[in-house]
Amino acid sequence: MSFFTTVEQYQNFSFTDFFARTTDAQVERALSKDQLSTADFLTLLSPAAAEHLEAMAQKAHRLTVQYFGRTIQLFIPLYVSNFCANQCVYCGFNRKNNIVRRKLTLEEIEREAQAIASSGMQHILFLTGEAQQLTPMDYMLDVARCLKRYFASVAIEVYPLEVEEYRQLQEAGVDSMTLFQECYDQEVYRRVHQAGKKMDYHFRLNAPERAARAGLRSVNIGALLGLAEPRSEFFLTGLHARYLEDTFLDTEVAVSLPRFNECESDYKPDFLVDDRTFVQFLTALRIFLPRVGITVSTRENAAFRDRLLPLGVTRYSAGSHTGVGGYARAEEESTPQFEITDNRGVAEVAAAIGAHGYQAVYKDWDAI
Amino acid sequence: MQEDALQLGDKYFTSRLFTGTGKFGSHKQIPAMLDASGSQMITMALRRIDSHTPTENILEYIPRNVVLLPNTSGARTAEEAARIARIAREAGCGDFIKIEIITDMKYLMPDNFETLRATEILAREGFVVLPYVLPDLPLARRLESAGAAAVMPLGAPIGTNRGLETKSLIALLIENCTVPVVVDAGIGRPSHAAAAMEMGADAVLVNTAIATAQDPAAMGRAFALAVQAGRMAYLAKMAEESAVAQASSPLTGFLH
């Protein structure tokens, strides 16, 4: 049993028909429930539900304050390598892109870690492209051990691994993993992932599950909104999160909502998710899964992120660079994977969170 | 009248309202809440203590006369909880420890089995152990024998504000436990707290309902008054409730 069984169930499901039949009364009924069915969740993602956005926002706000309080957990990404063997048409690190490729040495990582830790940040997420030859397990284990000396929590966003490999990383100090399926629609997935190991849809789909099985405390999933039809994509993301919550009671599950932003490639996505739809997705997810973590990165701009604070988000990245390195010596940062539109420093983001009546949490876990 | 104080470890508490530091929009709200509520013990997650960013150090917002109750939130095994407790003690947080072991991230239910194991370990090491559990009488008995200073059954799942959903099970603990019973989690309104105290609970621990209120200090005060009222009613020995009305013309009146 894997989440793929669920993906298959919806293979021939007509989302268009479902949405065409959705009524205001169904939206109101879904909103009045304590526990939503999958059909209720899809109802809240429908165009019809967009007319009920304020009611959705109010409920999402209430549930988030109830379960998470007025707190936002901060983390910072560190790209340690941008070498990549994949050819993902939308990505700045696409192997065909003629960009400067770099991989940080352990000494450089140590310098980056010192620079980041001095900002007060305690949760770090390290990222690589997918190049097993250049960033093999041994390298990642060294990175994890190095970072663990400076941070309370170390998370990974690296290529999908086997259970045993996740277990080794856990022993080296990693407690969480992020991995986006990017796209649940298998046809589109095939089209946009043109070379490399990432072409293996199943190996990627089951990776969060393998990480949970290995004992990582927290897994963060997501679909890159815009690659395929966004409402159905986000619906499957929500079901994936619920599947992980149900299957691994002791794992914290979080969801990101990355959407397209300009990057090095000239890729023009087939779909665009506007701010209103983004907020609809975010609030629908909170109402469907009241305890799920919701992560929003600096892909979103500062003003918009400030507005999202009361709507259901629980984790923000801050002070981010999305090129390799970039914290110790800014001029050394290489081409970013995607453009950042919230360029504020850590203290500035924390202050903005505070000004909105929320508390920025720098430290929420320490593997002891 | 002798002051009605609750003893836990070597400490006496005249306020039977315990509070928590989680979920506040800012730590700065905590001193005013403690002042308004008169709470003399506050729980805080050791995992949140951040010695690197002084402005965010929660300990600076807790007055010295309030007892710190570090909790093991985040722990998933007895061993993890025990390590957290030892670190709390070494960090100068005292001997009190609330054991909170949650292996169910979906409903946030405490893991009674791991909690019992942690209680056994930590009571042996001289901690004042306050285990957070699902109300289960045989387990409570085992916690007592293991050396727990109190038992802390949940009224409803953490953060739900649903009140005393486990009322009849808590009543069994109150009736049969020799250690104090502190109702923890689920208390969403002052009336819930009053009801728990009327039943004979020795204290209540309230966090979400106070921390997430529009005015945490005023809500803290409201809870304090409700806890006092419930306690007074319990001590005054309320008349028993009756499920049916007492007939004014009894059926057996003719029997003299």
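Predicted model: local features only at pLDDT ≥ 70, side-chain atom pairs only at ≥ 80, totals over all residues.
Helices α3(B) and α4(B) cross in a right-handed sense.

- Helix α3 covers residues 112–124 of chain B and helix α4 covers residues 137–146; their axes come within 9 Å and cross at roughly 15°.
- Angles under 35 degrees count as roughly parallel, so α3(B) and α4(B) are roughly parallel to each other.
- On the α3(B) side, the residues that meet α4(B) are N112(B), L116(B), T119(B), E120(B) and A123(B).
- Their counterparts in α4(B) are L139(B), R142(B), L143(B) and A146(B).
- Sorted by class, this helix contact has 5 nonpolar, 2 polar and 2 charged residues.

**A strand pair in chain B**

- Strand β4 (residues 41–45) of chain B runs parallel to β5(B), and 5 bridges join the two.
- One of the pairings links A45(B) with N71(B), its bridge partner in β5(B).

**Where chain A meets chain B**

- Chain A brings 25 residues to the contact and chain B brings 26 residues.
- On the chain A side, the elements giving two or more residues are α5 (53–68) and β9 (359–361).
- Of these, α5(A) gives the most, with 3 residues.
- The chain A side that touches chain B divides into 8 nonpolar, 9 polar and 8 charged residues.

How values were computed. Residues numbered from 1 in each chain as written. Chains lettered and ligands numbered in written order. Contact = placed C-beta atoms within 7 Å. Helix = DSSP H or I, 4+ residues; strand = E, 2+ residues; numbered from the N terminus. Nonpolar A, V, L, I, M, F, W, Y, C, P; charged D, E, K, R; others polar. Pairing = 2+ DSSP bridges. Axes fitted to C-alpha atoms, helices over the stretch in contact; angles between N-to-C directions. Parallel < 35°, antiparallel > 145°, perpendicular 65-115°, else oblique. Left-handed = near helix turned anticlockwise from the far one by under 90°.
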